[in-house]
Amino acid sequence: MDTILNQIIHGLMLGVMYSLVAVGFTLFFGVLNLVQFAHGEIFMVGAFLGLIILNLLHSFLGIDSPAILLLICFIGSSALTALFGLLFGRITIRPIKDAPPVIALLTTLGAGISIRFFVMAFYPAGSQPQNFPGYLPDWQTEVHGVLLRFDSLFILVGGILLILGTYLFINKTKMGIAMRAVAQDRETASMMGVNINRVIDTTFVVSGVLAACAGIFNGLYYRQIIFDMGAIYGVIGFSAAVIGGLGSILGAIVGGFLFALLASFTSAFIPGGSAYRFVTAFAFLIFVLVIMPKGILQASRGKRET
Amino acid sequence: MKSMDRFVGVILFSIIAALGFVLIFGLNQPVCAKEKIKVSYLGPLTGGNAAMGLGGRNSFQLAIRQYNRGVFGDKKYEYEAVLEDDECVPATGVRVATKVASDPTIMGGVSHYCSMVAVATKPIFLQNRFPSMVWGAVLPAITIPSSGKYITRINGTQREQNDFHANWTRNTLKKAYGKAPETYVIIHDITDYGRGHAEYFISSVEKLGGKILGKMGVTIGQEDMSAELTRAKALKPDVIFYGGLTPEGARLRIQMEKLGIKAGYEGTSGILNEDFIKTVTPKVSEGCTCFGEGAPFEKLPGGKEFFSNYQKEGFKEEPQFYGIFAYMAAQLIMDAVEKVGPDREKVADILFQTDRKNSPIGPIKFDKDGQNVVPAVTAYVSQDGKWMVWEDSEYASGKRLLPTIKFMQERR
Amino acid sequence: MSSHTLKELLLVVCCLVISWALFIAVLLITNLFLVFAVILVAGLVIYGFSRWERGKASIVQAFQRQSRFAQVSMIVIFLCLPFILRSSPYWILILTLAILWIIVALGINIQFGSAGIINLGAAAFYGVGAYTAGMFATRLGTPPLLNLLLGAVMSTIVGSLLFIPLLKTKSHYLALVTIAFVMAFHNLLNNAEWLGGAQGIVGIPLMSVAGYSFTQEIKIWGLKLPSQANFYYLALLLGGLLGAASWRLWNSWVGLTWNSINEGTGDELSAKCMGVTAGRWSMIAFTIGNFYIGLAGAFYSHMTTFISPPDITFYQSLLFLSAVILGGVDSIPGVCLAAVLLVILPEKLRAFQQYWVMFFGIILVLMLILRRKGLIPARIRSYMRGIRPTSESLKTPGGPR
């Protein structure tokens, strides 16, 4: 029984990280009808920027308090990653925003690869895993055989807060409404005075912040980041978004948790299953696509298909 | 203008004909392997095992340079190093092996730290009749049973290593602390290398009365090992044994810490390098043990000299524990070429029957499978951020308590 | 023979010899600076030429009017390449690999270029072909030629099974499913012991045809060719047959039908109104494409005696697909050229291996943004005698650019 509970807790934590990336994908698709395959790399860049900031603060400024270090790290990396995402959008997406989606998909794939291997080539010892300092306290406790760790809970709670924040942003702020308008009908929205370019920028900024935080969470938990960590996260994030229904934030969350829990359970309960955990998750994805192409929450609006 | 055209036509035609002749016949000079002899080195220069590969490469280059400078006396030939990266990926290994084996100007090579790459490239070397001496891969199947005189190995295999390991964990620890671990959970990577370690260790340790509670495989590159570790924790072993290389071994140790698993951690030669300790952090790696062939430099007859020469060359990377094997293998190949000249077959004959009483790594004798019967395996324990020979450590002397034993005591 | 014809023939021969000489020079020169210099010079010459209208026109005309001769000359050159390269067996091997990539690229060209089916799991089908051949060869000992066929057929079957549920899905979803498929397949290969596991299948017997083993060297006219040449010629034969088949398909109403259901350049609705069963034709394109890909995979495993999971990744799929994108969607010559470049450049630039993938990604992005037509853009078919389409009517995915 405690194995199950432990797996659930672990699965929830993974789910949060997947969801953060999935929300980014769903925002891109919902608002811009764009599959941003380089989003996994934005996640990776966020983690690396976080690492650089932490090292700089610690080595050069001698700051030692984990709380301050982490605070600056999260804010700094989110800001820088958002900026990076912004530039990325301006350079690669704006020129092709009116081309068929296939082109955008391929372009972002290519861009993602460039970013990934740029980091590998130019970050010192880039091809090797980088140690990520563990500033989260090691505190852990066992409650009825279930291991509760501070870092897992931190990630869980932090992730949920971020997603909540995004949800509020999309639904309550003026820019959020503008984004939803562009998602529904780009032409009419622009006729109503919505600045499409501004919306594109905002989408990149918001998803960049989420991805950066997910990247730092990942680094803090596993104590290791590597240049190709974005590859699998990109595909997982996209799959999660599709499972939940592209275009719906709730769907992305549901998809992310489903994907993580499915993978966790497969590795825990099927003998020898750990190796096949992604196979089952992807099989589930294919199944969903065939039976419910619009995702579990039936979020895609009809116009997306043509 | 017709005559002009014709004139131009004739000129053009002759130029083209000449080009054609040059291409077909000129580019194919007969291979004259005169003064310069090429020897190749294949190892992982990039990727998670790069530390070992670069150390091996530098050691290899040291040998070549020393020969060319006349450190060991005047040589008949001048040697040139051909260095290739196998990335510890079998497919890449096959590609670079094909490249060097099919190059008739390369007389022989020192190949591979990663066992899986060595297994994959074996057919290529055999097919091209290319003498290849393994310097770091430990999977027994590479040379045992022998597939021919072209494949030899200078380092030891998993067989000896795990025999020694089992003896250490059951007997040596008992002698040092009065008790030894009884139960083990085996985690290994799913390549033949990891499996090999697991199987040899299991059979050796069971013979000495150890009990195996479980055996689990992980994939190369697998990031999240919580599933395996949660199950391992539930089995409550004294020791977790990891058969595999550094990237996964380090990740496993880190995640063991996260999941609050205090059992002992015993690994193989795959984690015997500085990168493991660096990644896991000295504090967490304290008390981890692993095993390696031969012995560290200070204990080898020519070790100190090798190390100081290595430093003098100004290489950026450390030679690591296997560098000296690459160094020695290079010497053996060059000595063979000196003796019989640039003939791959004759070189292979000589290498296969290597029998040397004195060398920097001690006596070298190849058995009927072309496998060096190395007398010693050494146990290492991580102490204060460095791998220390067990006998020299404060754990052996009893000044410190090995985490494994501490865990066992606290549990009972 | 008029002097005009003679001049044209001479012009064709000149161009062919010069370009091939440059190509071989690039292959064989090991000093990287020289290689770059040669490429730079070649690039400048080509650029200068493309500006010189009269020269360009006369060359194009010469090739068109003497096309039969040009084709025969090309075939002769292909056949002679191993002779020229006989001191570098490694490059013959690489050229053979390039031909395999051409076959894969042709297959993807049918799927994506003609019919608009985005197949990001091409490496998986390559893997199916390779593993099938490997398994049959090592477990059952079947003759290699048969394994080629088995590999291709198995790849086709797997492809159809995957595609049937997806007939109705559109571009991104199809892309995602093919990505998921290749990743799941990779995962499966890594873990399934019966398929060799992480080690893959080792010791696949080398290709041999009716007892003639490909490990033998070829001796013709007093010259000795290294054993790699055997693979080269067989690959050339297969590539030639498949290429010709591709060309015939493209030129026929089959190719036209595929273009009509292509999401990017065709109009599926209109096609359906014209009586085209879009689902069936998509399936046919996908299947035939996979046949090509599987065949190349099977050949590969018999050539390298070894196939393992790291050969079959999403990144590999992307490389295959990019041969089509960079070369020119739906353009057979373009696709062939891009495939060759994608094999030869990374080999030549081994010294910059770290940076190669990054450059590749950047080039892909730049091509997609700036020159979507590709290296050799596809041409509109000409159905009326004597009338050739002009450069303005070149096809571009996503509309004119």
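The following dialogue explains the terms applied to this predicted model.

Analyst: Residues are numbered from 1 along each chain as its sequence is written, and chains are lettered from A in the order in which they are written. Because the model is predicted, local features need pLDDT of at least 70 and side-chain atom pairs count only at pLDDT 80 or more, while totals for chains, interfaces and linings use all residues.

User: Why is S260(C) called buried?

Analyst: A residue is buried if 20 or more other C-beta atoms, placed from the backbone, lie within 10 Å of its own; it is exposed if 12 or fewer do, and partly exposed in between. S260(C) has 22 C-beta neighbours inside 10 Å, and therefore it counts as buried. This residue lies in helix α10 (residues 253-261) of chain C, a helix being a DSSP run (H or I) of at least four residues, numbered from the N terminus.

User: What does S260(C) touch, not counting residues up to four places away in sequence?

Analyst: S260(C) touches G266(C), A271(C) and V276(C); two residues are in contact if their C-beta atoms, placed from the backbone, lie within 7 Å.

User: How do you know that the span of helix α8 of chain B agrees with expectation?

Analyst: The expected span is 1.5 Å times one less than the number of residues. Helix α8 (residues 246-258) of chain B has 13 residues and so should span 18 Å; its end C-alpha atoms are 18 Å apart, which agrees.

User: What makes α8(B) mostly covered?

Analyst: Of its 13 residues, 12 are buried, among them T246(B), L252(B) and K258(B). Just after α8(B), G260(B) takes a positive phi of about 70 degrees.

User: Which residue classes form the side of chain A that touches chain C?

Analyst: In this contact, 37 residues of chain A meet 34 residues of chain C. The helix α4(A) gives the most to the side of chain A, with 15 residues. By class, that side has 31 nonpolar, five polar and one charged residues. Here Ala, Val, Leu, Ile, Met, Phe, Trp, Tyr, Cys and Pro count as nonpolar, Asp, Glu, Lys and Arg as charged, and the others, Gly among them, as polar.

User: What are the domains of chain B?

Analyst: The assignment gives domain 1 (36-156 + 297-365) and domain 2 (159-293 + 377-411); such bounds come from an automatic or database domain assignment. The contact takes 15 residues from domain 1 of chain B and 18 residues from domain 2 of chain B.

Methods:
Helix = DSSP H or I, 4+ residues; strand = E, 2+ residues; numbered from the N terminus.
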